[in-house]
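Here is a short briefing to read alongside the structure. Have the viewer open and follow the points topic by topic.

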Amino acid sequence: MTAPAAVRTLTLKEIGPAQRASRPDEVVVAVSPAFADTFTRTIVDVPHAEVIRQVLAGIEEQGVTARMVKVWDTADLAAIAHTGARLSGSGISIGLLSRGTTMIHQRDLPRLSNLELFPQSPLLDAEVFRRIGSNAAQYAKGESPAPVPTRNDQMARPRWQAKAALLHLKEFECIVAGRRPVEVEPVISRA
Amino acid sequence: MTATQPRHSRRTEILEDRPVNLDGFVEEWPEKGLVAMESDFDPAPSVRVEDARIVELDGRARADFDFMDAFIADHAIDVGTTEASMAVPSDEIARMLINPTVSRQDVLAVTRGLTPAKILDVVKLMNVVEIMQGMQKMRARRTPANQGHSTSARDNPLQVAVDAAEGALRGFAELETTLGVLRYAPLVAIALQIGAQVGRGGVLTQCALEEATELELGMRGITAYAETISIYGTESVFVDGDDTPWSKSFLASAYASRGIKMRFTSGTGSEVQMGNAEGKSMLYLEIRCVLMAKGAGVQGLQNGSISCIGVPGAMPGGIRAVAAENLVASMVDLECASGNDQSFSHSAMRRTARMMPQLLPGTDFVCSGYSGVPNADNMFAGSNFDTDDYDDWNTIQRDLQVDGGLRHIREDEILQVRNKAARALQALFAELDLPRITDEEVEAATYANGSEDYPERDVLEDLKGAQSVMDSGITGLDLVTALERTGFHDVAENLLTVLRQRVSGDLLQTSAILTDDFVPLSAINDANDYAGPGTGYRLQGERWEQLKKLRHVTSAENPETEVS
């Protein structure tokens, strides 16, 4: 495989403690402790810069604004996404783990429920991330979009299961217990 | 890009393209439990008994027990023999396991007093050949068997029925299904049950679902056993799933109260996969699961990593650990449905090597789910073997003269049984006012391979029909009546006979299956009596004649023809 012509890198600039917003037309994108930090790519090497670029583009193309927060005290996707949803003015959030596992959540749902879950991180590519952004924005507008089609690959297990476990353990090590969510500004630069 | 790529050897390029290099491999990280069975962080064996109560287990005092320790200490270990058993050196116990002159009962007399760390200490001494030798003797049922999956990517009940019928005829003693769309479950569970009884009377069926619905289908007699009741090796993973050893035991007793066969499920890798291995090796945690199952009083366990096989599969010695966990289930006198039931490797050689430690010595169920449908239709996320592998499996049985539970069937027999299962389900659905199965569908089902070979069904109508099964309270007995009324007397008779088993409770015995004559075959009346060469289960007589048959065998009498 040849490298893409321009490699984008993502840094998350800390703004301050994450606040709950009141504007109803926003989606909060909540990321895990190691996202764009200890890790820079998903389990299948999609750069985090590309993940965020696509998710934000998917939200914006629906005329909805996006806000990013970094969650520090857990690596549990449902908890991360639900934290985001409770901060979100619309009550809608997208939760992201470093390895790519993604969830669309809503404030009023139980934490272990969700609107859409994308559990197979190796099958998530740029196109899927854009559609996830778009769907989350549509939920924020009060619409009922068709769920993003889930993919399935029975050979994902032999190839990726152990690496996923390793990445999960590494993500766990980046948890900062007791640290509150931080609002961050995504800065994408070309290397 | 102007930089030139470094030149590779031609051989490297060819090896890079081999399927095995699509598999994932990971280094060990013992501190976090990412290690198969050799870890410095596992506890050392110890036990102390006071007032007929275990007060110390593997270096931990009772005051510090987590709920797994407490459950195992109070329910799984024989407090009367534990101190004597623990005093036997581990290498001596390992030698007892492989020594044919030491009987299975003599081994059990020792193993029922062992702690998890001691059992680990024993099996760590054994290489894979010794593990197989141990399994050959310690397997509970004398006669090995196999279990199949019958599912459909479209949840088409007709496909599930006909593939169950074919699978039953090919030899599976148990068949299980699960769903893509869970609401389809009642129709698919009925289809599985009917198809299985057409293929071979006495085959047991189950439908893997969330626990409440699964139990309800069992109690209604729409399924005959249950298997997917998951248990874990650490308290934290248990609690994450809102469960405890006691809640699982309660569920087990609900099944037992109706005479329904039931086993738990566990496997290496699940705890580390969920990030809560508490720094222990995969096999140590799995041994805790095995003893928890023992303590709960269930008759058996499905283990062999199961849906986490990608984790031990990626670790050094991981498949040895998987073989060892199967042996541990058998050496504490549980039925062992020994994995080989999930997609494991891109490499056909690795897939075959992975099952040798179960196929060669024989286990109670060599696969706890060989895919009786093409893997693309396998809603358990793919198995290590599927319908494409039937002829390979049959040939390996014949080559090594081992019984893996299957056999070759001629095409005319397959077409006949598939057609009959399709017609039986068609008649049953019509009789019960369930969504119609057309003649065109019956024809397609007779000749089909996968779900794409069938006309599409009206899913919404099917889901309404499924709901009506739940609402109207249809039971297994209603299915028997409907089959009888529509002229499928023999199928009705088969199903009724299976249902009657739950009254006798014989299927609650360890390793119970039903023979063609509906005789329960279990560790009670078919106890493994292996005692060295020439003893125990031998593939011979009528069964060996069956297994000599393959799709293409040149006739000795007339070499210009083939026999099959």
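This is a predicted model: local features need pLDDT of at least 70, side-chain atom pairs count only at pLDDT 80 or more; totals for chains, interfaces and linings use all residues.

A residue is called buried when its relative accessible area is under 20%, exposed when over 50%, and partly exposed in between (1.4 Å probe, protein chains only). Residues are numbered from 1 along each chain as its sequence is written, chains are lettered from A and ligands numbered from 1 in the order in which they are written, and side-chain values use heavy atoms, with hydrogens and water left out.

**Chain B as a whole**

- Chain B contains 24 helices and 15 strands, where helices (H or I, at least four residues) and strands (E, at least two) are DSSP runs numbered from the N terminus.
- Its radius of gyration is 24 Å, close to the 24 Å from the globule rule for 564 residues, so chain B is as compact as a globular protein of that length; the radius is taken over C-alpha atoms, and the rule is 2.2 Å times the number of residues to the power 0.38.
- The C-alpha trace of chain B spans about 70 × 65 × 60 Å along its principal axes.
- Of the 564 residues of chain B, 61% count as buried.
- Taking contacts (heavy atoms within 4.5 Å) in chain B between residues at least 6 apart in sequence, 75% join residues at least 24 apart.

**Where chains A and B meet**

- Chain B brings 27 residues to the contact and chain A brings 15 residues.
- About 2,000 Å² is buried between the two chains, with carbon and sulfur atoms giving 61%; buried area is the accessible area (1.4 Å probe) that two parts lose on being put together, summed over both.
- On the chain B side, B:Trp29, B:Gln273 and B:Ser343 lose the most area to chain A, together 24% of what that side buries.

**Two serines to look at**

- B:Ser555 sits in the loop between β14 (553-554) and β15 (562-563) of chain B.
- Leaving aside residues up to four places away in sequence, B:Ser555 touches B:Thr561, B:Glu562 and B:Val563.
- A:Ser134 belongs to helix α3 (residues 126-140) of chain A, and A:Ser134 is buried, with a relative accessible area of 10%.
- Not counting residues up to four places away in sequence, A:Ser134 touches A:Gly58, A:Ile59, A:Glu61 and A:Gln62.
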